[in-house]
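Q: Hi! Could you walk me through this structure? I'd like to start with a loop residue.

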Amino acid sequence: MLNDAACFKAVYIVCGYTDLRAGMDRLAALVETQTGNRPYIPDTLYLFCGRRTDRIKGLL
């Protein structure tokens with residue numbers, strides 16, 4: 001669990017539903033194909049939400 005997000009230079013919240021069964025490599029590929037951004041930039045956090053809104057997955 002993250003208590004303090006001050007160490008991140010950028011935090012991106014991915015809109016829409018994402019299949020959280022996907023692994024980190026697939027989520028990174030999703031970020032790269034949809035936005036054109038490189039997903040492995042240091043101090044950057046991507047947050048994904050699934051169908052159940054009480055769960056999120058983060059790509060750091």
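Q: Happy to begin there: where is Ile41 placed?
A: Ile41 lies in the loop between H1 and E2; helices (H or I, at least four residues) and strands (E, at least two) are DSSP runs, numbered from the N terminus. This is a predicted model, where local features need pLDDT of at least 70, side-chain atom pairs count only at pLDDT 80 or more, and totals for chains, interfaces and linings use all residues. Residues are numbered from 1 along each chain as its sequence is written, and side-chain values use heavy atoms, with hydrogens and water left out.

Q: Is Ile41 buried, partly exposed or exposed?
A: Ile41 is partly exposed, with a relative accessible area of 38%. Buried means under 20%, exposed over 50%, partly exposed in between (1.4 Å probe, protein chains only).

Q: Switching topic, which residues make up the largest nonpolar core?
A: Seven residues: Ala22, Leu27, Ala28, Val31, Tyr46, Phe48 and Leu59. Such a core is a set of buried Ala, Val, Leu, Ile, Met, Phe, Trp, Tyr and Cys residues joined through side-chain atoms within 4.5 Å.

Q: And which element gives the largest share?
A: H1, with three residues.

Q: Nice. In what order do the strands run in the sheet?
A: The order is E1-E2-E3, in an open sheet with mixed pairing; two strands pair if DSSP finds at least two bridges between them. Strands E1 (10–17) and E3 (56–59) stand at the edges with a single partner strand each, so one side of each has no neighbour in the sheet.

Q: How many bridges link E1 and E2?
A: Five, in the parallel sense.
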